[in-house]
Amino acid sequence: MTVNLLEFEKHEFAQFCAEIGEKPFRARQLMHWIHQSGTDDFDVMSDISRPLRERLKATAEIRAPRVVRDTTAADGTRKWLLEVGAGNAVDAVFIPERYRGTLCISSQAGCALACTFCSTGRQGFNRNLTVAEIIGQLWWANRCLGRGITAARPISNVVMMGMGEPLANFDNVVAAMQLMLDDDAYGLSRRRVTLSTSGLVPALDRLRDTCPVALAVSLHAPTDALRDELVPINRKYPLKELLAACVRYIERAPRDFVTFEYVMLDGVNDTVAHARQLAKLVRAVPCKINLIPFNPFPDSGYRRSSADAIARFRDVLAQSELTVTVRKTRGDDIDAACGQLTGQVQDKTRRREQRVAAAIS
Ligand code: SAH
Ligand code: SF4
């Protein structure tokens with residue numbers, strides 16, 4: 001049987017080399033070739049003997065999801081659609097900026113959590129991505145952007161903010177993030193890898209104990225009543241529990257704050273009263289607030305808050321001594337902005353009501 005080396009965690013490389021009777025340093029060589037040089041061809045591995053290369057060719061492969069579409073937006077944002085089998089495909093998005101390049105990665109085909117304003121959530125859920133499919137997005141983007149990550153580093157940051165809820169695919173996401181952090185692979189610092197979650201409290205505590213990267217939490221509402229509606233998982237893990245988990249997380253986090261994401265929905269959560277409630281709610285949590293102008297998609301039923309409403313909301317928070325930023329919308333002409341990623345999902349959950357019931361059961 002052929003094994004996919006992109007699926008391997010560090011200890012599995014070591015195990016694999018031991019099993020085929022190779023010295024432990026071969027594991028590091030393989031990791032360097034695969035994750036730093038970005039190759040999928042054993043023949044280019046010049047410091048590995050020919051007999052071993054032949055053996056590898058017979059037993060192993062380096063296989064990332066196949067790219068089925070590659071689109072570049074007017075602002076340089078680039079989106080790849082990657083096929084993950086059985087009619088499913090996920091998006092990865094690269095956002096170049098002057099001093100950094102951020103890759104936004106998907107963790108699931110679809111999402112079962114059914115947030116009302118999110119097009120991935122509207123599409124339903126198919127399955128968790130494998131480690132190879134998650135790290136394969138970074139592997140591919142690196143390769144495609146023309147340089148290994150150790151050279152000029154076109155990708156300086158990774159955000160788990162694409163399709164899916166990363167904490168609902170905990171083991172595979174953590175394994176992939178460990179590779180992002182590993183000096184024998186991508187060598188990113190924990191500050192430069194951000195996980196965004198809608199708030200799965202027990203998994204958040206596990207993340208704190210196993211792989212505390214920078215954290216973003218999708219808040220979107222200042223009260224349980226409104227959040228229950230917008231982010232249905234709130235019915236299971238209400239705001240008080242979520243905020244307490246954030247405080248616990250900060251003790252171990254690489255940054256001394258949590259980023260709260262707040263999507264600005266016209267007439268829904270964007271009034272001055274909401275801003276005051278929000279300021280009061282997060283008082284005890286060291287945080288930064290990132291306001292995200294809603295990115296529309298067909299039949300969403302929502303509108304983006306006006307620029308005035310966003311500015312007013314921001315000012316109320318700033319007057320309460322909170323650090324607040326407004327996210328720039330990038331790549332919306334190719335549907336690459338937050339919440340516009342739809343990939344292709346063969347929904348297994350069918351009706352939204354069933355999904356919500358399953359998510360909070
Ligand atoms: N499931 C995770 C990560 C993926 S979503 C989470 O919910 O945090 C990444 C961010 O985009 C989240 O903050 C999400 O709430 C936000 N988002 C979803 N739909 C959006 C939309 N239509 N417009 C703007 N932001 C959206
Ligand atoms: Fe899932 Fe995040 Fe979209 Fe909610 S916002 S449906 S958790 S991807």
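Biologist: What volume does the largest cavity have?
Modeller: In this predicted model, the structure holds one cavity of 30 Å³ or more. The lining of the largest cavity counts 31 residues, with F117, C118, M161, G162 and S218 lying nearest its centre, and its volume is about 520 Å³.

Biologist: Which elements each supply at least two residues of the lining of the largest cavity?
Modeller: By class, the lining divides into 17 nonpolar, 11 polar and three charged residues. The elements that each supply at least two residues of this lining are α4 (119-123), β10 (193-197), β12 (258-264) and β13 (287-293).

Biologist: How much of the accessible area of ligand 1 does the protein cover?
Modeller: The space taken by ligand 1 is the largest cavity, and of the 20 residues around this ligand, F117, S196, S218, H220 and N295 come nearest. Nitrogen atoms of ligand 1 lie 2.9 Å from a polar backbone atom of F117, 2.9 Å from a backbone N or O atom of N295 and 3.3 Å from a polar side-chain atom of E165. Of the 530 Å² of accessible area that ligand 1 has on its own, the protein covers 96%.

Notes
Residues numbered from 1 in each chain as written. Chains lettered and ligands numbered in written order. Predicted model: local features only at pLDDT ≥ 70, side-chain atom pairs only at ≥ 80, totals over all residues. Heavy atoms only, no water. 1 Å grid on protein atoms, 1.4 Å probe; cavity = no way out; pocket = protein on both sides within 12 Å on 5 of 7 lines; lining within 4 Å. Points joined across faces, edges and corners; volume = space filled by probe spheres on them. Helix = DSSP H or I, 4+ residues; strand = E, 2+ residues; numbered from the N terminus. Nonpolar A, V, L, I, M, F, W, Y, C, P; charged D, E, K, R; others polar. Near = heavy atom within 4 Å. Polar contact = N/O pair within 3.5 Å; in protein donor to acceptor, adjacent residues only side chain to side chain. Areas by Shrake-Rupley, 256 points an atom, 1.4 Å probe, with all protein chains shown as cover. Sits in = over half its atoms within 2 Å of the grid points.
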